[in-house]
Amino acid sequence: MGNKYGNYGFLQQGKMEHPPLVLFDLGVERRCQENYRFDNAQRASYGGYLLQYTLEGCGCYEHGGEKYDLPKDSGFFARVPEDSRYYLPKTAGNEGWEFFYLHFDGSAVPPFFDAVREQCGPVFSLLSGNHTCRIFFQLFEKCMRKEPLALYETGEFLYRFLSGLLRELEAPLWQGSVSVRRAIAYFREHFSTIQGIEEAANVCGISHEHLTRMFRAETGQTPLQYLTKLRIEHGLFLLLNTQDSIDSIAVSCGFLNGNYFAKVFRRYLHCSPEEYRRRNRY
């Protein structure tokens, strides 16, 4: 990829005694025809979390008695110490293993770590040209230029990076088939009046079942889930920006009545529409 290589460490900035996200170090490395191996069970002094992502070549990661290859656009997310290890395989040849890594910790990390492990297991893969890599290299290139970092900038970076990673794992960026893109456009334009998913399927010229299969495969959610989220998001806007009654808002969002709107709303927000409006309006 023509990347410059290097490793950078970071001092804690600001007056916060226990920041929720702490970046220790990061870097871009290339390992080739050498003995490169780390056992995370033996790294108690290293501590925290380690994320390593392949840019070119291939590495190996072992976890839970299983061996995983790490080709381009794949990586691992480990909590150190743990019973895992990563290394340059003997089969890597002249291409070796080129990767970037992040070493970090903090009380805000475990939910991200658990979500990634639940979604993908010990290793993960991203689409080429993903936004998560771009977030990493924005900071890495700033470090290469020796530009000063603002207070809490590394914590802000980690939150953006981990949020971007989780977003791309749960709902990968996609070009989308014509049918699914057409269904999404129809939902966004008619969410308040559409009577059922069959309407969008008819517009796409396919069956309800086929649209549901395609939609789930391409977006990670069903058409009904997507439609419901559009309606709830519009409801949030109306609750915060109008004095309309709950019944009126429900109809404007495409729900049959205020009671059903409140039931679905509580499923997503864990409170009633009235409680949400009272807590969040200023």
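Biologist: Which residues form one aromatic cluster here?

Modeller: Tyr8, Tyr53, Phe100, Phe124, Phe136, Phe137, Phe140, Phe157 and Phe161 do. Please keep in mind that this is a predicted model, where local features need pLDDT of at least 70, side-chain atom pairs count only at pLDDT 80 or more, and totals for chains, interfaces and linings use all residues. Residues are numbered from 1 along each chain as its sequence is written, and side-chain values use heavy atoms, with hydrogens and water left out.

Biologist: How is a pair of aromatic rings described?

Modeller: By the distance of the centres and the angle of the planes. Rings of Phe, Tyr and Trp (its six-membered ring) pair if their centres lie within 6.5 Å; planes under 30 degrees apart count as stacked, over 60 as edge-to-face and the rest as tilted. That rule gives 31 aromatic pairs. Take phenylalanine 100 and phenylalanine 161: their ring centres are 6.3 Å apart and the planes stand at 75°, so this pair is edge-to-face.

Biologist: Where in the chain do phenylalanine 100 and phenylalanine 161 lie?

Modeller: Phenylalanine 100 is in strand E9 (residues 97–105) and phenylalanine 161 in helix H3 (residues 153–170), so to speak distant parts of the chain, 61 residues apart. Helices (H or I, at least four residues) and strands (E, at least two) are DSSP runs, numbered from the N terminus.

Biologist: Is phenylalanine 100 buried or exposed?

Modeller: Buried means under 20% relative accessible area, exposed over 50%, and partly exposed in between (1.4 Å probe, protein chains only). Phenylalanine 100 is buried, with a relative accessible area of 1%, and phenylalanine 161 is buried with 1%. Another edge-to-face pair joins phenylalanine 136 and phenylalanine 137, with centres 5.0 Å apart and planes at 90°. Phenylalanine 136 is buried at 0% relative accessibility, and phenylalanine 137 at 11%.

Biologist: Which ring does the charged end of arginine 37 sit over?

Modeller: A charge sits over a ring if NZ of Lys or CZ of Arg is within 6 Å of the ring centre and within 35 degrees of the ring normal. For arginine 37 the ring is that of tyrosine 87, with the charged end 4.7 Å from its centre.

Biologist: Which residues of H4 are buried?

Modeller: Ser179, Val180, Ala183, Ile184, Tyr186 and Phe187. Seen down the axis of H4, the buried residues fall within an arc of 165° (taken from the directions from the helix axis to the C-beta atoms), so they line one face of the helix. On the other side of H4, Arg188 and Glu189 are exposed.
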